[in-house]
Amino acid sequence: MRAGKSALLGIVVALLPTAGTGLSAHRLDEYLHAARLAIDSAGVRLELSLTPGIAVADALVREIDTDGDAVLSQAERRAYSQHVLSGLSLRIDDDAVPLQLAVADFPAMATLRAGDAAIVLRIDARPPHLTAGAHRVSFRNGNATHGAVYLANALLPEDRRIAITDMQHAMDQSGLTVAFTVRP
Amino acid sequence: MRTTTRFVSVLAAVVAAAVMTGLAQQAARSTPPAAGAPADATARIVAAAQAVLATLDDAGRATLQFPLEGPQTTRWSNLPSPMFERRGLRLADLTASQRAAVMTLLSTALSRDGYQKVLNIMEGDEALRQGGGGRGRGGPGGRGGPAFGRDQYYLAFLGTPSTTQPWRLQYGGHHLAINLTMGGSQASMTPSLPAAQPATFTVEGRTVRPLGDENDKAFALVNALDNTQRGQAILNYRVADLVLGPGQDGRTIQPEGLRASSMTPAQQAMLLGLIEEWAGIMTEAYAGPRMTEITRNLPQTWFAWSGPTTNGSAAYFRVQGPTIVIEYAPQGGVDHIHTIYRDPTNDYGAKLARR
């Protein structure tokens with residue numbers, strides 16, 4: 001395993017010179033936060049895929065593996081997930097909606113360190129009551145460590161009562177506001 | 001796409017690349033023109049697949065074949081193999097005759113342009129390995145290992161090659177994934193991932209741009225739009241990467257940009273020409289019905305752009321319709337491009353499986 005890691009790091013060294021300004025080859029030195037918002041008549045389901053490039057993965061693993069035993073325990077996974085959640089905000093209309101972590105899926109340590117695996121957080125945001133009519137959901141990701149870059153998109157609603165009418169992205173996609181209507 | 005001039009230039013490119021690769025030359029010369037009914041194309045591809053199998057011993061066949069449904073389905077990526085574990089027959093492990101059979105199969109399954117595109121992507125990776133690509137920016141080739149180059153591509157069969165039952169030809173490596181699912185007269189080549197690094201390189205004095213037509217047609221289209229249309233097509237935010245790349249199966253995002261129904265007929269033709277760069281990778285007998293379907297849905301198809309509009313700049317674009325998603329995402333500059341080609345209704349031949 002050690003040799004494999006060394007080989008991968010060799011690839012990093014080899015690929016880094018090809019990096020241009022901004023994004024690098026195969027996102028080696030960046031931490032991609034890809035957010036997907038699924039809106040239904042009960043609220044919003046947020047999926048956040050967190051993919052560290054191989055050049056930043058070790059630093060991220062050290063941040064998660066707080067006891068340094070090379071194992072991401074359930075407690076460490078939970079703590080990191082909550083840390084990420086604390087950097088997120090979601091408002092429906094003018095009201096902040098509590099974010100509830102539904103699933104935290106962590107890949108194997110080796111694949112996480114290889115730069116081709118994502119931590120996937122599935123998060124529910126359920127407002128007390130979503131009435132028929134026009135609404136707006138505003139999402140913001142304030143997590144910015146390890147060279148964070150962002151994607152934020154709304155999924156095509158599967159709920160036929162929902163119709164998205166407008167989307168506004170932050171320039172770097174750390175934020176997304178989606179206007180939608182709920183049919184009675 | 002099928003002008004005589006282009007055909008001649010592509011044919012010339014085929015010959016040039018074949019000289020470069022040796023075995024590809026043999027394959028290209030032996031390939032009959034792909035035409036006719038889709039079922040005939042399937043029969044030709046199955047025959048070529050069986051020819052590959054005939055060159056292998058039991059161990060080789062076991063390496064090549066996988067169940068139609070299983071983890072191999074999603075075992076594709078833009079990453080080089082040490083960073084992403086591929087399975088299947090690796091070209092580097094094949095004899096000359098086995099490799100020739102593989103290239104003949106590819107040239108049978110793909111259109112002339114599509115086969116050439118695949119060769120160019122592989123040769124781009126070889127340029128990367130040798131350190132000659134990237135317009136003077138170097139690349140990893142000087143210190144590169146076995147991860148890169150034209151030998152590091154894998155072929156897999158998912159299911160048993162058949163003229164009647166669904167099966168899939170999977171071919172790929174660094175910056176390339178082809179997933180061609182066939183079932184009788186039906187075929188789907190999504191999801192597929194043609195990419196390139198370097199995006200421009202030279203071979204014996206000839207400039208090769210594996211995704212050059214995709215780039216140029218997109219810039220031509222965005223520059224053919226009037227100010228009002230551009231105001232709709234051009235997104236006011238940066239898109240850092242593919243949204244629906246590897247691992248994003250089954251997701252459909254809300255479309256954005258300019259609807260083709262708001263384009264002039266000339267602009268719509270340009271959009272179709274752009275789409276054909278991906279839809280036309282598979283053999284013409286399959287690509288024809290696919291383009292008919294895409295054309296039928298063209299009014300519900302969107303074109304979105306992020307970045308500068310001067311050709312030579314790094315700009316992201318997306319084409320999204322009821323049965324198609326195309327994304328083109330420069331990775332930090334113009335010399336490293338990732339693209340994805342999907343059909344939200346028929347990735348991995350989902351419709352074939354339901355029949």
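Me: How many residues of domain 1 of chain B are in contact with residues of domain 2 of chain B?
Reply: This is a predicted model, where local features need pLDDT of at least 70, side-chain atom pairs count only at pLDDT 80 or more, and totals for chains, interfaces and linings use all residues. Residues are numbered from 1 along each chain as its sequence is written, while chains are lettered from A and ligands numbered from 1 in the order in which they are written. An automatic or database assignment gives domain 1 (4-198) and domain 2 (212-354) of chain B. With contact taken as C-beta atoms, placed from the backbone, within 7 Å, domain 2 of chain B contributes 26 residues and domain 1 of chain B contributes 40.

Me: Which element gives the most to the side of domain 1 of chain B that touches domain 2 of chain B?
Reply: H3, H6 (112-130), S5 (176-183), S6 (186-188) and S7 (193-194) of chain B each supply at least two residues; helices (H or I, at least four residues) and strands (E, at least two) are DSSP runs, numbered from the N terminus. The largest share, four residues, comes from S5(B).

Me: How are H3(B) and H5(B) oriented, roughly parallel or roughly antiparallel?
Reply: H3 (residues 38-54) and H5 (residues 96-109) of chain B have axes 9 Å apart and an angle of about 170°, taken between N-to-C directions on a 0 to 180 degree scale, with axes fitted to C-alpha atoms over the stretch in contact. Among the residues that meet are Ile45(B) in H3(B) and Leu105(B) in H5(B). Since angles over 145 degrees count as such, the pair is roughly antiparallel.

How values were computed. Angles under 35 degrees count as roughly parallel, over 145 as roughly antiparallel, 65 to 115 as roughly perpendicular and the rest as oblique. Two residues are in contact if their C-beta atoms, placed from the backbone, lie within 7 Å.
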